[in-house]
Structures are given as C-alpha cells and as structure tokens.
Amino acid sequence: VHVDAEKRVRPGGDPTTVHYAVVRDGDNVVICAMWRDDATCDTRGVHGDHNRDRGGDRRRDVSAEFSIQVPAGVRLNSNTVNGDLTVEHITSNVRAGTVNGTVRVTQVSGDVRARTVNGNVNIDTRSGTASGETVNGSIEATIGSGGTGDIRFRSVNGDITINAPSSLNADVDLNVMNGSIDSKYPLNFDRRKKHADGTIGSGGRQLSATTVNGSIKLR
C-alpha cells in the first residue's frame, strides 16, 4: 500500500498544525490526520479533534489530502468528515463515506457502499452489489452488464439517475414523493407515477431507488 499525504496551506496558515499518525492492528492499518495537539488516533479513528477553539480555523487554513494506491484484492474502507472521496480501479469491496462532500466510486468490480450527507454520489460498478445514500444531493450510477448483486439507492433531497445496460436483468422498485419517474424500460406505474415496479429481462437481482424531493431516471 502506498500513501501520499499532502498538506495544502492557505495564506497565513501554518503547516505544522496538521500531524499524522499510523496505527497497525494485525493486518489492518489506520492513518489519521489531526489538527489538535491533544488529539489521538487508534483503530477506531481520530479522537479529541473536534471543531472547537482554533480547530475550525486550522482546518480552513491547512487541509490534508490523501492519495492511496492499493494492490488488487485489498478491501478499502475510507471515511472523512469535510471533503470529497474518489475511488477508482479497485477489484475488491469498497466502502466510502463522508459528511460534507462528494463521493465518487468508479470502475470497481467488488461490492460498493457509498454514502454522504451533504453532497452527490457517483457510482460506476462492473459487478457486485452496490448501495448509494445521500441526504442533500443527487445520485448517478452506471451499472455493468455482468453484475448479479442487488442495487439500492436512496436520497432525500436530490435526483437519482441510473444508467443501465440494454441487457439488464433485474426486479425493479422505484419510489418518489415529490418528483417523477422516467424509465426506458416497460414498468408498472401507479396513477400518480410516484411508484413503478416490474421485472426487466429475466429478473433476479433487486434494483431499488427512493427519493423524497427529486426525480428518478432509469435509462
């Protein structure tokens, strides 16, 4: 595993306010970026590094960006609070989460779980199961033709767009509250077009999507 950690400093910022810690637990490695001098890092992550005192100012003055390369087969669990996450070309399972930022998981052949609170989710999966969740943001996903795992997407305030192959085989369930549903595949729509379901191809895998304030496109 190769890790590059880069500090980006705004005018007036002090790069020494950010320090790193590496914690090993058997075959697992946890790497933490910390802004407070009294913060600690263990196998569960960072402790005592909340935005109080000058913690918020330090984060605005100095940011930390990680670039990670992993061998084939390594499972990835990547999380942050304020920032974007991008995962590419992983052949194993991926979990990627943030609170404020966009999550992008592309060209992945393992199982994918991507989530954020304030931001968009973009997923490109070749196979395996996939789930994407956001509260304030949209979801766009591309599904490979070779997958058999279940696909589930959920948003509260945002649209959901699913790019599916022409040879899609799935049992579909789509739901909106304040929005519309548009599908290039023949589905069973209710009268208000707030719900659509049906079997595409030979069915099998579950494909579901739900949004409260937004629309769903299956194309």
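Nine strands form an open sheet with mixed pairing, in the order 7-9-11-13-15-21-17-20-19. Strands here are DSSP runs of E of at least two residues, helices are runs of H or I of at least four residues, and both are numbered from the N terminus. Two strands pair if DSSP finds at least two bridges between them. Strand 7 (76-79) and strand 19 (188-189) stand at the edges; each has a single partner strand, so one side of each is left without a neighbour in the sheet.

This is a predicted model, in which local features need pLDDT of at least 70 and side-chain atom pairs count only at pLDDT 80 or more, while totals for chains, interfaces and linings use all residues. Residues are numbered from 1 along each chain as its sequence is written, and side-chain values use heavy atoms, with hydrogens and water left out.

Within the sheet, strand 17 (residues 170-178) pairs with strand 20 (residues 195-200) in the antiparallel sense, over six bridges. Asp173 has Asp197 in strand 20 as its bridge partner.

By the rule that a disulfide is a pair of cysteine sulfur atoms within 2.5 Å, the count comes to one. A disulfide is a covalent bond between the sulfur atoms of two cysteines. Here the pair is Cys32 and Cys41, with sulfur atoms 2.1 Å apart. The torsion about their S-S bond is about 60°, so the disulfide is right-handed.

| Residue | Relative accessibility | Class |
|---|---|---|
| Cys32 | 3% | buried |
| Cys41 | 17% | buried |

Cys41 is placed in strand 4 (residues 40-42). Leaving aside residues up to four places away in sequence, Cys41 touches Ala21, Val23, Val30, Cys32 and Met34, where contact means heavy atoms within 4.5 Å.

Of its 219 residues, 38% count as buried. Among contacts between residues at least 6 apart in sequence, 33% join residues at least 24 apart.

Definitions and conventions
Buried < 20%, exposed > 50% of the residue type's maximum accessible area, 1.4 Å probe, protein only.
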